[in-house]
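Here are my notes on this one, as promised.

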Amino acid sequence: MCGNKISRETMDIYRYTENLSLFVEIARCGSFSAVARHHGVNPSSIIRKIDMLEEVMKAPLFTRSTRGLHLTEVGDALFNRAVGVLEELKDMRDEIVSLNE
């Protein structure tokens, strides 16, 4: 593996993993704007990240209407998996940090 170029597929994984926590936050909150305010950024930057995630997943994750955001069937499936993945990543980090204490 050392010396090999990172594949396009691996780059996509990095790209969407980076946005999973935002996706989960938006799904729980039901608002791009509220999450943007929480992070101190413009809502359009949050929307772009979700658009990229939808591009990688090849499906819409939210239905957007004047009444708010709702998860699509694909979004619901991703949400259930993403919560577990993010918890595993947190546990991994905590375990590694504890090895250094």
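1. Let's start with Glu54, since a charged residue in a covered spot deserves a look. This is a predicted model, and in it Glu54 comes out as buried, because its relative accessible area is 11% and the cut-off for buried is under 20%. Glu54 is part of helix H3. Leaving aside residues up to four places away in sequence, Glu54 touches Ala59, Pro60, Leu61, Phe62 and Arg64.

2. What does Glu54 join through salt bridges that share partners? Together with Asp51 and Arg64, Glu54 belongs to one network. The Arg64 and Asp51 side chains meet in a salt bridge at 3.6 Å, N to O. Arg64 sits in strand S1 and Asp51 in helix H3, so this pair ties together parts that are 13 residues apart in sequence.

3. Leu61 is one of the contacts of Glu54, and you'll find Leu61 in the loop between helix H3 (43–57) and strand S1 (62–65). Buried or exposed? Leu61 counts as buried, because its relative accessibility is 0%. Beyond four places in sequence, its contacts include Phe23, Leu53, His70, Val74 and Leu78. Leu71 is on that contact list too; the C-alpha atoms of Leu61 and Leu71 are 5.8 Å apart, although 10 residues separate the two along the chain.

4. Now the strands. S1 and S2 (residues 68–71) run antiparallel and are joined by 4 bridges. Two pairings to check on your screen: Phe62 has Leu71 as its bridge partner in S2, and Ser65 has Gly68.

5. Phe62 comes up again in the largest nonpolar core, which has 17 residues. The members that touch the most others are Phe23, Ile26, Phe32, Ile46, Ile50 and Phe62. Which helices each supply at least two residues of this core? Those are H1 (8–29), H2 (32–39), H3 and H4. The largest share, 5 residues, comes from H1.

6. Phe32 is worth a click of its own. Not counting residues up to four places away in sequence, Phe32 touches Ile26, Ile46, Ile47, Ile50, Phe62, Arg64 and Leu69. Arg64 on that list is also the salt-bridge partner of Asp51 from point 2.

7. Over to helix H4 and its charged residues. How many salt bridges are there in the model? The count comes to 4. One of them pairs Asp94 with Lys90, with the closest N and O atoms 2.8 Å apart; both residues lie in H4, 4 residues apart, about one turn of the helix. Asp94 also bridges to Arg93, where the closest N and O atoms are 3.2 Å apart. Arg93 is exposed at 52% relative accessible area, whereas Asp94 is partly exposed at 32% and Lys90 is partly exposed at 44%.

8. Last point: a nonpolar patch on the surface. Val85, Leu89, Met92, Ile96 and Leu99 make up this patch, with about 470 Å² of accessible area together. Ile96 is in helix H4 (residues 73–99) and is partly exposed, with 49% relative accessible area. Patch members need over 30%, so Ile96 at 49% qualifies on that criterion.

Technical notes
Residues numbered from 1 in each chain as written. Predicted model: local features only at pLDDT ≥ 70, side-chain atom pairs only at ≥ 80, totals over all residues. Heavy atoms only, no water. Patch = residues over 30% accessible without salt bridge, like charges linked within 9 Å, V, L, I, M, F, W, Y side chains within 5 Å. Areas by Shrake-Rupley, 256 points an atom, 1.4 Å probe, with all protein chains shown as cover. Buried < 20%, exposed > 50% of the residue type's maximum accessible area, 1.4 Å probe, protein only. Contact = heavy atoms within 4.5 Å. Core = buried A, V, L, I, M, F, W, Y, C linked by side-chain atoms within 4.5 Å. Pairing = 2+ DSSP bridges.
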